[in-house]
Amino acid sequence: MEILDAPESVLEAERDILRAMSQGTREQSVWAEGIELLAEYPFEDKTHQLVFDALREISTGTPTIIREQLPAYLTRKGFPALDLEVFLEPHNLSAEQAIGLMRALLSKARHAT
């Protein structure tokens with residue numbers, strides 16, 4: 001079974017990637033890789049798309065800056081009530097796993113069209 005077969009798996013993968021982009025991984029930040037790889041990826045969850053767009057406009061992979069600016073950015077865009085804690089919770093992805101998951105999502109989206 002492919003890792004992203006079920007719709008829940010795709011949503012979970014999107015959420016995990018956004019966590020990794022927001023917080024970095026044990027080894028390094030994966031923010032830049034995410035911005036580059038997922039620039040054209042159509043997030044299945046609208047909230048995930050909003051968070052990705054915010055991360056792109058915040059223009060840094062520094063977790064403390066993201067934590068400070070993400071709520072303000074989304075409030076300015078008209079989404080003050082989004083629960084952002086889910087994107088700031090710990091994750092267990094390594095940098096390699098996070099980037100691999102980004103590539104898998106992108107590949108799945110390209111094959112779906």
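Threonine 25 touches Ala20, Val30, His91, Leu93, Ser94, Ala95 and Ala98, not counting residues up to four places away in sequence; contact here means heavy atoms within 4.5 Å. This is a predicted model, in which local features need pLDDT of at least 70 and side-chain atom pairs count only at pLDDT 80 or more, while totals for chains, interfaces and linings use all residues. Residues are numbered from 1 along each chain as its sequence is written, and side-chain values use heavy atoms, with hydrogens and water left out. The mean pLDDT of the protein chain is 91, and 93% of its residues reach 70 or more; pLDDT is the predictor's confidence in each residue, from 0 to 100.

**Confidence**
- Within the protein chain, helix 2 (residues 31–37) has the highest confidence, at a mean of 97, and helix 5 (residues 85–88) the lowest, at 90.
- Helices are DSSP runs of H or I with at least four residues, numbered from the N terminus.

**Threonine 25**
- Threonine 25 is found in the loop between helix 1 and helix 2.
- Its relative accessible area is 13%, so threonine 25 is buried (buried means under 20% relative accessible area, exposed over 50%, partly exposed in between, with a 1.4 Å probe and protein chains only).
- The side chain of threonine 25 makes a polar contact of 3.0 Å with the side chain of glutamate 27.
- A polar contact is a pair of N or O atoms within 3.5 Å; within protein, one must be able to donate a hydrogen and the other to accept it, and residues adjacent in sequence count only if both atoms are side-chain atoms.
- A polar atom of the threonine 25 side chain also lies 2.8 Å from the backbone oxygen of glutamine 28.

**Nonpolar core**
- The largest nonpolar core has 33 residues, and those with the most contacts inside it are Leu18, Met21, Leu38, Tyr41, Val51 and Leu70.
- Such a core is a set of buried Ala, Val, Leu, Ile, Met, Phe, Trp, Tyr and Cys residues joined through side-chain atoms within 4.5 Å.
- Helix 1 (7–23), helix 2, helix 3, helix 4 (63–76) and helix 6 (95–112) each supply at least two residues of this core, and the largest share, 8 residues, comes from helix 6.
- Leucine 18 touches Phe43, His48, Val51, Phe52, Leu55 and Phe87, not counting residues up to four places away in sequence.

- Aspartate 45 caps the N-terminal end of helix 3, with a side-chain oxygen 2.8 Å from the backbone nitrogen of threonine 47.
- The buried residues of helix 3 (residues 46–58) include His48, Val51, Phe52, Ala54, Leu55 and Ile58.
- Seen down the axis, the buried residues of helix 3 fall within an arc of 160 degrees, so they line one face of the helix; the arc is that of the directions from the helix axis to the C-beta atoms.
- Serine 59, in the loop between helix 3 and helix 4, has a phi near 65 degrees, a positive value in a residue other than glycine.
- Serine 59 is exposed, with a relative accessible area of 51%.

**Helix 6**
- In helix 6, Ala95, Ala98, Ile99, Leu101, Met102, Leu105, Leu106 and Ala109 are buried.
- These residues cover an arc of only 155 degrees around the axis, which puts them on the same side of helix 6.
- The face turned away from that buried side carries the exposed residues Glu96, Arg103 and His111.

Key. The expected span of a helix is 1.5 Å times one less than its number of residues.
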